[in-house]
Amino acid sequence: MRRIRSRSCPRKKQKPNRARKGRMDKHIELSYCSFEAFQILAKNYLKLESHHLFARIQELLGETKMTPAEVAEHLMPKTISGDATVCLESLIGGLEKAKEDAILKAEEEVKESARLKAEEEEKEKEKEKEKGKAEEEAAKEKDSSKAEVKENGFCENGNAELISKEKK
C-alpha cells in the first residue's frame, strides 16, 4: 500500500495540532494492481475477456507490486493495429523487470543493513576503548594525586596530605 501526502505549508512551519489526520494533510491510499483490476483494465483498453497470456500475468502480478497506472501504460496500444498480444507481452516484460528490480532492491537493503550494523558495532568498540582509556587516565590521576611530601612538609596539591596524616 502506498500513500501520498500533500501539505498546505512546509512541515517545519506547521503547528503540531494541525498535522494530525484530517486537518492539513490529505491522505490518499493507493493499492497495487491485482489480477481482478488487471482484467478490468484489459477489458477497457484491449477489449479482452480472456487470453492465453493471462495465466502468466496473474502469476507475475502475485509476485510483484505494480500500480494500476503502470499496468495501464503497458496495455495502451502503441501501434495502429493495436495488437493485444504485443501489449500483453509488454506488460509481462514490465512485470518481470519490476520483479528483478524488487529482488535487487531487497539485496541492497540487506547489504545496507549489514553495513549499518557493522558501523554500529565499530562505534560500540570505539566507545569501549575510550571508556577503558578514561578509566586508565582516572587511575593514573588518582596515583599522581598521592604526591610525595616535600622537605618543608607540604605536597604539590596543597596540604591535603598533611591533613590526612594528622587525622591518622
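A: Leucine 75 counts as buried, with a relative accessibility of 0% (buried is under 20% relative accessible area, exposed over 50% and partly exposed in between, for a 1.4 Å probe and protein chains only). The model is a predicted one, in which local features need pLDDT of at least 70 and side-chain atom pairs count only at pLDDT 80 or more, while totals for chains, interfaces and linings use all residues. Residues are numbered from 1 along each chain as its sequence is written, and side-chain values use heavy atoms, with hydrogens and water left out.

Leucine 75 sits in helix H3, which covers residues 68-75 (helices are DSSP runs of H or I with at least four residues, strands are runs of E with at least two, and numbering starts at the N terminus). What does leucine 75 touch, once its neighbours within four places in sequence are left aside? Its contacts are Phe38, Leu41, Ala42, Tyr45, Leu46, Cys87, Leu88 and Leu91 (contact means heavy atoms within 4.5 Å).

H1 and H3 pack at an angle of about 35°, and their axes are 10 Å apart (axes are lines fitted to C-alpha atoms, for helices over the stretch in contact, and angles run from 0 to 180 degrees between N-to-C directions). From the H1 side, Phe38, Leu41, Ala42, Tyr45 and Leu46 make the contact. From the H3 side, the residues are Pro68, Val71, Ala72 and Leu75. That puts leucine 75 among the residues with which H3 meets H1.

Now let's follow Phe38, one of the contacts of leucine 75. Phenylalanine 38 has 0% relative accessibility and therefore counts as buried. Ring pairs join Phe38 with Phe35 and Phe54 in a cluster. In the whole structure, a search finds three aromatic pairs (rings of Phe, Tyr and Trp, the last by its six-membered ring, pair if their centres lie within 6.5 Å; planes under 30 degrees apart are stacked, over 60 edge-to-face and the rest tilted). Phenylalanine 35 and phenylalanine 54 form an edge-to-face pair, because their planes stand at 85°, with the ring centres 6.3 Å apart. This pair links distant parts of the chain, with phenylalanine 35 in H1 (residues 35-46) and phenylalanine 54 in H2 (residues 54-63), 19 residues apart. Both phenylalanine 35 and phenylalanine 54 are buried; for phenylalanine 54 the relative accessibility is 6%.

Phenylalanine 38 also pairs with phenylalanine 54: the ring centres are 5.0 Å apart and the planes meet at 75°, so this is edge-to-face too. Since phenylalanine 38 belongs to H1 and phenylalanine 54 to H2, the pair ties together parts that are 16 residues apart in sequence.

What about the loops on either side of H1? Serine 34 is in the loop between strand S2 (26-30) and H1. At 32% relative accessibility, serine 34 is partly exposed. The C-alpha of serine 34 is 9.9 Å from that of threonine 64, which is 30 residues away along the chain. Lysine 47 is in the loop between H1 and H2. Is lysine 47 buried or exposed? Lysine 47 is exposed, having a relative accessible area of 69%. The backbone of lysine 47 has a positive phi, near 55°, in a residue other than glycine.

Stepping back, here is the setting of this part. The protein chain holds five helices and two strands, in the order β-β-α-α-α-α-α along the sequence. Buried residues make up 20% of its 168 residues.
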